[in-house]
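Hi,

Here's the structure I promised to pass along. Have a look at it first, and my notes on the aromatic rings follow below.

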Amino acid sequence: MSALLGIVLCAPIVSLAQENTKPLERIVVVPGENGAQLMLKDSRTPFYAKGFNYVRLRAKEGSKKADHSTFDADTKTTKAAYDPAKAEAALAAMKEAGFNTTRVFVIGRSSINPGIGGNYDTTQGIYEPYMDNFLDFLRRATRHGIRVLPALGDGELPFNAYYHGRFEGQKGNKSMLLLTREGVAARVEYISEFLSHIKKKDPSLLPTLLAVQCQNEAYLHANQWPLTMKKGEFKAANGKTYDMSDTKSRQALADEGYLHFYEQVHAAVKKIDPEMLLTDGVFMHSAVGLDLSKHAGLWPGKKRDPRYPPSLLVLGKSKLDFLDAHFYRVKREQAIEDAVKNNLGSSGFFTPAMAEIRKTKPVIIGEFGSHRHIDKSFEEAVNSMVRARDALNSHRVNGMLYWTYDCHEQLEPLHHATTNWKLFLEKMGDFQPK
């Protein structure tokens, strides 16, 4: 940990459970011929989302497989993992350095970190003690003027009988949850319950949310039903029937499935809070070896990685208010600038159609970072990220969030900002274009 972290931790940590915090100014989307912008509603000041992913992970003792535990509370079988002092220190350091946004995972999908799922057999919906921790984090973020972007897991439902019990035999099937009427209804209920809980407990915290993010990274799994069907017809959540033996029909099932899902979530979210923004995260096609000219139709077994994310063009046609694209360089020999072009370009970012979409929908980079097998030292990583930042800004993105602030417990070797916070700030400074 850096020296600055030690200094920040010396600040008094107060309970914010009952603290009256002044609501932050709402953020809206303003269309424009040169590109849509996020903007502060009242002051009409452009808002560039700059900051970090704040992540805590916990593994079962003796296991190397860790999962998200940032806001975990005590359950019948697990101990709490939420650390308000560490959260306070991180938010204070971000604020002091001039950052304005943090992205977090609201999640609960395992017996080790049940998270928002709570106690498997008894929690009806979402787990209130977990939400109490999340609300505490929101209050701290509000006090520091930091926006929070909650990613609601990876397209799954809370790990409890209330949600999972509806789909016995299909647990873990994310394709089913997006393409069937029952799956979409359950996910919309979950997202609605999450937002409604905040509104009920403390509506003054709603403006602190940059948006509601449906999931971390959207994708369909080609080796899961119904995409494993290679013949016959399938009636999807939108009421349409698709020929599962036809490539164009299968691709339409996926693309139109996303559009239908976001339409349903959009209607539910706006009913609860008409000013709440809606977004979703996505990795680019090149990240999973996807070339739609070769892999259209989401046929099972066609490529090594069975994940198929929607293109930015599909997301751009949806009811999402803005888009969240993720960028990582995966080849050391590739220049950063080329990696940015290839990565974003693989999902349609540089097409004329996307240029039109961007007149009404901003695009942020919700994740960007450096792997240790690519950049061998932290100094090398920071230099690479400076070039990545500048390359991304040259394409007029509306913000970027680094992976991660301080998740040194992450087993996958990445360079986290607080490995050397002073050097990170000296080199990276402000993510915003000059």
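The structure holds 28 aromatic pairs. Keep in mind that this is a predicted model. I picked out two of the pairs to go through with you.

Start with F71 and Y82: their ring centres are 5.9 Å apart and the planes sit at 40°, so this pair counts as tilted. An angle over 60 degrees would have made a pair edge-to-face, and one under 30 degrees stacked. Both F71 and Y82 lie in the loop between β5 (66–68) and α2 (84–96), so the pair ties together parts that are 11 residues apart in sequence. As for accessibility, F71 is buried, and Y82 is buried as well.

Then there's F105 with W403. Here the centres are 5.9 Å apart and the planes are at 85°, so the pair is edge-to-face. F105 belongs to strand β6 (residues 101–105), while W403 is in the loop between β17 (399–402) and α13 (421–428), so this contact ties together parts that are 298 residues apart in sequence. Both F105 and W403 are buried.

Finally, a couple of charges over rings. K303 lies over the face of Y308, at 4.6 Å from the ring centre. R307 does likewise with Y219, lying over its face at 5.8 Å from the ring centre.

Cheers

Definitions and conventions: Residues are numbered from 1 along each chain as its sequence is written. This is a predicted model: local features need pLDDT of at least 70, side-chain atom pairs count only at pLDDT 80 or more; totals for chains, interfaces and linings use all residues. Side-chain values use heavy atoms; hydrogens and water are left out. Rings of Phe, Tyr and Trp (its six-membered ring) pair if their centres lie within 6.5 Å; planes under 30 degrees apart count as stacked, over 60 as edge-to-face and the rest as tilted. Helices (H or I, at least four residues) and strands (E, at least two) are DSSP runs, numbered from the N terminus. Buried means under 20% relative accessible area, exposed over 50%, partly exposed in between (1.4 Å probe, protein chains only). A charge sits over a ring if NZ of Lys or CZ of Arg is within 6 Å of the ring centre and within 35 degrees of the ring normal.
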